[in-house]
Amino acid sequence: MTLRRALRDFVQAKSLCPPLSLKQLEMLAAEFVAQQDQADVGNDSCACADGLCSMSNWLMVEINNQLWADIIAAIPHDRRLLMLPKCLSKHGECRGEYDEYGLLCHRCGRCLIPDLQEKAGQLGTLSLVAEGFTQVIELIESHVVDAVIGVSCLDSLEKAFPLLVSHAVPGLAVPLNDNGCINTHVDDSYVAELLSLTCPEQHALLHYEATRQQIDRWFSREELAPALRISDDTPGAKTSQVCLDWMTRGGRRWRPFLLCAVYQSITGEMMLNEDVHRAAVAVECFHKASLIHDDIEDGGMTRYDQPTVNALYGDAYAVNVGDALLGMGYRLLTESNNMELVRLIAEAHTSLCQGQGRELEWTAHPHPAGLDFTLDIIRHKTVPAFEVSLMLGLACTGGQRLRVGDGTSGIQHLRPMLHSYSEALGIAYQLKDDLEDDGEDCSPSAIFALHNEHPDWSDEVVREALSGMIDRYKQQALDALDDLDCLELKRLLYQVTEKILKR
């Protein structure tokens, strides 16, 4: 307990905002060990510096606990989950039965499980006796619970902990007193203490499933046609109908989602106003227009498993459809009476064209493109699509102040953070795309670049190197968020990073 108090004081002095990446937690654990090198931390058997060095993973878990404790205290008990391991039961004596969710305890009193489940039940907290934290992620993403208090052996935590961190799950983890798969023990008083955490002001964390559903409705033909001013008697009706068809086609719609979710995470307002609606449709207009023009320039014949516009109607007609979508996008932005939105889109549009221009120059005069050349194209062509969505969401707030701890702060300091985050995320995304496409198209790719720079490398070595680059840029994206002091925005971007770069 003395060691945990020292960790609590250490974390509180840092004024950190969760979530933190594994890299940050490792650094904090190392810093704590260094501070304790000459300090008296009580009578804990492993409290000396050498002992702490061997406890790095335990320290990371406990530091993460301290980061989330106050936030989880504000989450209603009925929005929390207690997860216990099966190994707490008495091996050979347990009368419980198992179903697809885990152990159904018969409350025979031979172990701690019924006592801990009863404590949770009295508070209104859901409890499960099961292995595997993937179930936790499913419960979080399906909005059954908002936070988890998990008990597990340190070996299992070492495997599950990265999953919880990368998904920004508000969690408290309690390592078992001993490893092994049978008849284990835990500090039940500590578990009870964490279960009982509470504070007068309750806080509901934001979820974005409703946002996804709203965006899907916006891009249905019924809602999109009036938004784009398209009807059967619109002049040039065929061009307008092709625009409508193309806008309602597949895709994850990451750009509208990022715009809306950033706005919501900053303002705390889940209702999306008309200006946000217009900006979200506009950013998809620009994205779909860029895809049409890209297909023309690359000679692409299929997209979303369907014929491209140029394949159906020819290049000249496709150029016209893409231009029409650009006009519709700019018209939507001007209707919002916020010229910052227009400026942001114009800058992103120009940067994308510059990146595409470099690629076209290479196509006209191919040469052994190196990695620096390829990354420069990505910075201009792919990165702006991510950055502009985040910046548009920021601009839609109208400069509204952030809720930070017990106070507020301005949003101007978010711009350089989001720029750095977008650059790293955009590069990682394109490298992932190159890895999955395996360099099948004729444009410069990271796979080609690595082969050009290292002709002696095998395909397997190139792919391993590219995979390592994706991991490094993913970490750079998370590093850019280190000083972000808005819990909801930080949670959102951690979750987005994990989903976009999932392999």
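With which side chain does the side chain of E62 make a polar contact?

A: In this predicted model, the side chain of E62 makes a polar contact with the side chain of Y190, at 3.1 Å. E62 belongs to helix 4, which spans residues 56–73. Its relative accessible area is 0%, and E62 therefore counts as buried, the cut-off being under 20%. When neighbours within four places in sequence are set aside, E62 is in contact with R4, L7, A173, P175 and Y190.

R110 has a relative accessible area of 33% and is partly exposed, whereas E62 is buried. R110 is located in the loop that runs between strand 3 (102–104) and helix 5 (113–123).

The surroundings may now be widened to the nonpolar interior. In soluble globular proteins, nonpolar side chains tend to be buried together. Here the largest nonpolar core comprises 95 residues, and those touching the most other members are L228, L325, L414, Y421, L431 and L489. Helix 13 (residues 274–298) gives the most to this core, contributing twelve residues. Another core, of 28 residues, lies apart from it; C17, I71, C111 and V151 are among its members.

Helix 13 also takes part in covering another element, helix 17. Helix 17 covers residues 371–381, and its buried residues are L371, F373, T374, L375, I377, I378 and K381. Besides helix 13, the cover over these buried residues includes helix 16 (339–364), helix 18 (383–396), helix 19 (414–437), helix 20 (446–453) and helix 21 (459–479).

For the protein as a whole, 22 helices and ten strands are assigned. Of its 503 residues, 52% count as buried, and E62 is one of the buried residues. Among contacts between residues at least 6 apart in sequence, 74% join residues at least 24 apart. The accessible surface comes to about 22700 Å², and carbon and sulfur atoms account for 50% of that surface.

Notes. Residues are numbered from 1 along each chain as its sequence is written. This is a predicted model: local features need pLDDT of at least 70, side-chain atom pairs count only at pLDDT 80 or more; totals for chains, interfaces and linings use all residues. Side-chain values use heavy atoms; hydrogens and water are left out. A nonpolar core is a set of buried Ala, Val, Leu, Ile, Met, Phe, Trp, Tyr and Cys residues joined through side-chain atoms within 4.5 Å. Buried means under 20% relative accessible area, exposed over 50%, partly exposed in between (1.4 Å probe, protein chains only). Helices (H or I, at least four residues) and strands (E, at least two) are DSSP runs, numbered from the N terminus. A polar contact is a pair of N or O atoms within 3.5 Å; within protein, one must be able to donate a hydrogen and the other to accept it, and residues adjacent in sequence count only if both atoms are side-chain atoms. Contact means heavy atoms within 4.5 Å. Accessible areas come from the Shrake-Rupley method with a 1.4 Å probe; for residues, only the protein chains shown count as cover.
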